[in-house]
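I opened this notebook to record what I looked up, item by item. My entries follow the order in which I went through the model.

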There are 2 protein chains.
Amino acid sequence: MKKLIFVFSLIFSFSTFAQKDDSLQIRNMFDAALVKGHAYENLRSLCKDVGARLSGSPEADKAVEWAKELLESYQFDTVWLMPVKVPHWVRGDIEEAGINGVPMSIKTLGGSVSSKGKIESEVVEVQDFEELAELGEKAIKGKIVFFNRAFDRRLISTGQAYGGCVNQRWGGASEAAEFGAVGVFVRSLSHKKDKHAHTGSMGYKEGVKKIPSVALSVEDADMLSELLKAEPNSKAYLNVNSQTLPDKDSYNVIAEITGSVEPDKIITFGGHLDSWDVGEGAHDDGAGVVHSIEALRIIKATGYTPRYTLRCVLFMNEENGNNGGKTYAAVAKEKGEIHLAALESDAGGFVPRGFTMDGTPEQIKKMQSWESLLEPYKLHIFKKGWGGVDIGPLKEQNVPLIGLRPDDQRYFDHHHSDTDVFENVHQRELELGAASFASMIYLVDKYGLGGDLKGLEKN
Amino acid sequence: MKKLIFVFSLIFSFSTFAQKDDSLQIRNMFDAALVKGHAYENLRSLCKDVGARLSGSPEADKAVEWAKELLESYQFDTVWLMPVKVPHWVRGDIEEAGINGVPMSIKTLGGSVSSKGKIESEVVEVQDFEELAELGEKAIKGKIVFFNRAFDRRLISTGQAYGGCVNQRWGGASEAAEFGAVGVFVRSLSHKKDKHAHTGSMGYKEGVKKIPSVALSVEDADMLSELLKAEPNSKAYLNVNSQTLPDKDSYNVIAEITGSVEPDKIITFGGHLDSWDVGEGAHDDGAGVVHSIEALRIIKATGYTPRYTLRCVLFMNEENGNNGGKTYAAVAKEKGEIHLAALESDAGGFVPRGFTMDGTPEQIKKMQSWESLLEPYKLHIFKKGWGGVDIGPLKEQNVPLIGLRPDDQRYFDHHHSDTDVFENVHQRELELGAASFASMIYLVDKYGLGGDLKGLEKN
């Protein structure tokens, strides 16, 4: 009996000690991020010295240089570039649309073809593809189709509201073209009623005529909808000269701290280096870029020696192709790399609320066992959910994917628009995100994620 | 055995039914706040049509009228004014300070005396009262004391950081005057480094000479501190002509829905109608005012019939005296009113994170039992803690006090400064706060709060 009590106390002391140890390490990382953190200044530099950086642009090349130099300055064990072929779509110098001669605020959607001069036609407003199909060719042929389905305000998650509308932006052009439309207006994907249109990627169905597609600002979408009720025969115009150039060479930018015990096993974490060509890509995904760099920096600065290799990956081309993410997963597969987990920050620089995981129930349970360590930092979301676009292709290698979840109420106010600038990121919120990200990386390194990787916990 | 199973199923069905019922009512209130809510437009009107509204000012009178008219427009059962005597401090038309002839951004602290002309003297920087006492009269006499203790960046809660610095603002003048100082500069209570100084209340110790006290913007506090290191004999000037006029008559503005079963028992909830005389009092406490009004509106709009009387109280004079809160509690005591609970929203219009309660362990446990109903709205803080200044005086009547807890990272960026304006409040965050507040009021009405009031749950 005495022996049993002894063993019990030993286990108890050990776990209390481990808990205290973890609390201290996490506290140290938060202090490092909050007191003399680099995240905010790094984001300022990325936004102001580099700026908007769409794949294929000179600014994207500059971002690669910027990231490489910054990572090298921190003297991590390794910094290198992974070649990635990227598409090269370019917004034109002509970008105009209006109604009855009055201009509206628009942004050409990424991937859209040129209108090849000014299109003029009546406009047909629809809420969804079903309504479009009901109207059919008779009503649509020769017209501009206006997809005006708004974010559902009842949804607490703005990401869910976005998910409920994004098919208009991605697929609206081809759906409309099948009924003979000549162009497409899409309501900007945002709750915020202002004059800033939100761009984003769109694609064309094989075998369907390619017609130009542009986003209207929410204010102009509401205005147009009202106007069409009063004057259904109003004449719109649309003139954009965007183009798609040949693919270009670019890079994922990667830095590592080599694992001290099992260097062949990797924990990958990152954000995407490219952005849309408007605003400064501050929240999307400058925040994820500096979260990732800062996480590696503060893990190192606090003197923590990782068991596994910690790899920070700044992916290229998330916005219009995800070639960085696809290439990364293909290379990992080819090399036979073992990834214990992949983490992504691509949901903005707002106050962190927790993490979602695309993994097995056991892995999710493991993550949830750390909740009490992160509760002092007001993190409370630890559940099944989305990992991230860039890390998504690792899924087929059974890698558990973890997404940082900042608060999302303001995210789509700025997403893909002129207002996604440094000034709209809050210093402490950004810093708290970086420290939260670092804490999750630390815990995965220290305890593994169970499931198939159970053996790793024996440490 | 069969009978037992039957009883068990009955209990189970009942509680499942109740849970479903509650979920639906809460969902309906969120929908009412988010889809066609009034909170944002009401806040716009309070900020723009009334503006800053310090107790005793014509704007505070206008705010009383504004609130009464608005509450009457919603046709609640009762709307009335409760007389409150308030102090009447007035910022002067002269408000200037500088160093070596260069002006700094300042705000006279509320309650400060006039400098009666321009004071000129050297400046002694201290971090706290202990350092001040160590320096003593020899170093301080005839000088301006500069309290420069900054917010502790390591603290996750900005409210805690504020709590660690606020004694400089409240008591700095008398502490310094005891050693012969002629004036006081206080570093603004904020993390945010900008040119906007943050005002707030201060007081004088009986029997100590009253000297003027002003807040410096964080940017100027940092500048002054640097300058004093290089040039310790720099000459500062200070000139303010604020004054305290005779007390004035004002009002708490109150609206009720009468309870359907026990109308004599009251659930009080509110925010404060007064604000500082800078900015527009948007977060502090315009948000609390419109949260409270909106909560009563959506409870009524969703057709819920409260068991107890729901009383929305817009308190006057929280900022510099709390006479509204004190008067309210005194009147309640005099009338022998029974308050089941008092709730306050006075922590800004940011995304709601939950509630803190100043109550018994049983009452806190009761509140925590509702957590799963509010988790879909991302509320996660349900713990012991602060209620609110206005409802504070009800504490001695053993009323459990509940404070709405919005996210606090941005709160002190704007608190008591020129930037606390409507434009810095986010529509959905404000609306989510109103619906959260309404949900807690609903749950307290439906289930009571246990403890001494246990009998109330028998419903």
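Predicted model: local features only at pLDDT ≥ 70, side-chain atom pairs only at ≥ 80, totals over all residues.

**Entry 1: where the copies meet.** I asked how many residues of each chain are in contact. I found 19 residues of chain B in contact with 19 residues of chain A. Which elements of chain B give two or more residues to this side? They are helix 1 (2-35) and helix 13 (427-447) of chain B. Helix 1 of chain B gives the most, with three residues. I sorted the side of chain B that touches chain A by class: six nonpolar, four polar and nine charged residues. I also compared the two sides. Of the interface residues of chain B, 100% are interface residues in chain A too, so the copies meet through the same surface.

**Entry 2: helix 13 of chain B.** Is it mostly covered or mostly open? It is mostly covered, with 19 of its 21 residues buried. I checked its length next. At 1.5 Å a residue, its 21 residues should span 30 Å, and its end C-alpha atoms are 30 Å apart, which agrees. Just past the helix sits Gly448(B), with a positive phi of about 65 degrees.

**Entry 3: helix 9 of chain B.** Helix 9 of chain B has 13 residues and reaches 18 Å from its first C-alpha to its last, close to the 18 Å expected. Which of its residues are buried? I listed Asn323(B), Gly324(B), Gly325(B), Thr327(B), Tyr328(B) and Ala329(B). I then traced what these buried residues pack against. Their partners in chain B are strand 1 (78-90), strand 10 (243-257), strand 11 (262-272) and strand 12 (308-315). A glycine follows this helix: Gly336(B) takes a positive phi of about 70 degrees.

**Entry 4: chain A as a whole.** I counted its secondary structure as 13 helices and 16 strands. The radius of gyration of chain A is 24 Å, close to the 23 Å that the globule rule gives for 459 residues, so the chain is as compact as a globular protein of that length. Along its principal axes, the C-alpha trace spans about 90 × 45 × 40 Å. Buried residues make up 56% of the chain. I also looked at contacts between residues at least 6 apart in sequence. In chain A, 82% of these join residues at least 24 apart.

**Entry 5: the domains of chain A.** I looked up the domain assignment. It gives domain 1 (25-89 + 246-458) and domain 2 (92-241). Their C-alpha centres lie 33 Å apart. Across the boundary, 15 residues of domain 1 are in contact with 17 residues of domain 2. What gives the most to the domain 1 side? Helix 12 (residues 411-414) of chain A does, with three residues. By class, that side has five nonpolar, six polar and four charged residues.

Technical notes
Residues numbered from 1 in each chain as written. Chains lettered and ligands numbered in written order. Helix = DSSP H or I, 4+ residues; strand = E, 2+ residues; numbered from the N terminus. Expected span 1.5 Å × (residues − 1). Buried ≥ 20, exposed ≤ 12 C-beta atoms within 10 Å, placed from the backbone. Contact = placed C-beta atoms within 7 Å. Domains from an automatic or database assignment. Nonpolar A, V, L, I, M, F, W, Y, C, P; charged D, E, K, R; others polar. Rg over C-alpha atoms; globule rule 2.2 N^0.38 Å.
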